[in-house]
Amino acid sequence: MAVWIGLDIGGTKIMVAAADGEGNILHRERRATSTSLREDLANVNSMIAAVAGDEQILGMGAAIGGPLDWERGIVSPLHQPDWRNVPLKALMEEKWSCPFQVDVDTNVAAIGEYRWGGVSASRFLYLTLSTGMGGGFLVDGKIYRGRNGAHPEVGHEAIHFRCANPSAVQCECGAPDCLEALISGNGIRRIYGRPAEELRREEWEEVAYNLGQGLRNMAALYAPEVISIGGGVAVGGGARFIEAARNVMEEHLKLVPAPQVNLSQLGYDTALRGAIAMALNR
Ligand SMILES: [Zn+2]
């Protein structure tokens, strides 16, 4: 039997899975991300060997933080400082003798949700709301890319926001007023002085308002049929949080039909499942 490999290389953990030709996960491994590129690569290779066993590997897909060059497969994930200009595609294709494809984690998660989350929209926006924030936009299942393959950064739009502590709003990109700085895990910690899971009710309402204003902008610009939201902050806030944000969006969105807004169906496996879909599509 042959297998296809999916990798989700994150700033805190690395997940690797082997799947059959239908995308069913057969074996999976998970390890903490280290601070060393050499150690991470050694871990990735030993996890691949463990999940594949004696089976032939026919393709690999990987999700990793940007920025990256998706065509040449050269990656420099922002939150993994030892990974700079790593020719991941070349390294993996030489080591494993199979096609390897890598993309920005939010794009890969969008593919996972589209393929396995029961999405049938021709214009589909997926948002990750975790430590940071990002999105992937699919048109008929294909990734929408900007100029020269640039990844659109929806987390770095400015919005009309509410904040009890506005002087603490500061984005890691350097701008003072990004959506990510208001609603991501790191932004929440900076503004409210504690993690999302410890927010009080009125603070959740403020975060939901700001997410809703972001959704309103994204709905106005992309005019999607469906927006799915995943990541730890979204999952932690749950259905009530998503509904509050959707209400703000609907109240302020006038000329474009309001999209359906829902929580991701795949939980923490969205990017891993998307990586498997990419491996199979080769
Ligand atoms: Zn920013």
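Ala, Val, Leu, Ile, Met, Phe, Trp, Tyr, Cys and Pro count as nonpolar; Asp, Glu, Lys and Arg count as charged; the others, Gly among them, count as polar. The views below all show a predicted model.

**View 1. The second largest pocket and its lining.**
This pocket holds about 300 Å³ of space. Twelve residues line the pocket. Ile111, Gly141, Lys142, Met278 and Asn281 are the ones that lie nearest its centre. By class, the lining of this pocket splits into five charged, four nonpolar and three polar residues. Lys142 belongs to the charged class, whereas Ile111 and Met278 are residues of the nonpolar class. Two helices, α3 (105–116) and α8 (270–281), each give at least two residues to the lining. Two strands, β8 (100–104) and β11 (142–143), each do likewise. The largest share comes from α3, with three residues.

**View 2. The one cavity of 30 Å³ or more.**
The volume of this largest cavity is about 40 Å³. Its lining is made up of Asn107, Leu125, Gly135, Gly136, Phe137, Tyr144, His151, Pro152, Val154 and Tyr222. No charged residue takes part; six of the lining residues are nonpolar and four are polar. Strand β10 gives the most, with three residues.

**View 3. An open sheet of five strands.**
Read across the sheet, the order is β11-β10-β9-β12-β13. The pairing is mixed. Strands β11 and β13 (260–263) stand at the edges. Each edge strand has a single partner, so one of its sides has no neighbour in the sheet. Inside the sheet, β9 (residues 123–129) and β10 (residues 133–139) run antiparallel and pair over seven bridges.

**View 4. The hairpin of β2 and β3.**
β2 covers residues 13–19 and β3 covers residues 25–32. The two strands are antiparallel, with seven bridges between them. Val16 has Glu29 of β3 as its bridge partner. Five residues separate the strands. At Gly23 the phi angle is positive, near 90°.

**View 5. Ser264, in the loop between β13 and α8.**
Is Ser264 buried or exposed? Ser264 is buried, because its relative accessible area is 15% and the cut-off for buried is under 20%. One goes to Glu113, at 2.8 Å. Another goes to Thr270, at 3.4 Å. Beyond its neighbours within four places in sequence, Ser264 is in contact with Glu113, Tyr126, Ile229, Gly230 and Thr270. For scale, the C-alpha atoms of Ser264 and Leu88 are separated by 28 Å. Along the chain these two residues are 176 residues apart.

**View 6. Arg194, between α5 (185–192) and α6 (201–222).**
Arg194 sits in the loop that links these helices. Its relative accessibility is 19%, so Arg194 counts as buried, the cut-off being under 20%. The Arg194 side chain makes a polar contact with the side chain of Glu203, at 2.6 Å. The Arg194 side chain also reaches the backbone oxygen of Tyr192, at 3.1 Å. With residues up to four places away in sequence left out, Arg194 touches Ile188, Arg189, Leu199, Arg200 and Glu203.

**View 7. Arg190, in helix α5.**
Setting aside neighbours within four places in sequence, Arg190 is in contact with Ala168, Gln170 and Glu172. Asn165 is 25 residues away along the chain. The C-alpha atoms of Arg190 and Asn165 are separated by 9.5 Å.

How values were computed
Residues numbered from 1 in each chain as written. Predicted model: local features only at pLDDT ≥ 70, side-chain atom pairs only at ≥ 80, totals over all residues. Heavy atoms only, no water. 1 Å grid on protein atoms, 1.4 Å probe; cavity = no way out; pocket = protein on both sides within 12 Å on 5 of 7 lines; lining within 4 Å. Points joined across faces, edges and corners; volume = space filled by probe spheres on them. Helix = DSSP H or I, 4+ residues; strand = E, 2+ residues; numbered from the N terminus. Buried < 20%, exposed > 50% of the residue type's maximum accessible area, 1.4 Å probe, protein only. Polar contact = N/O pair within 3.5 Å; in protein donor to acceptor, adjacent residues only side chain to side chain. Contact = heavy atoms within 4.5 Å. Pairing = 2+ DSSP bridges.
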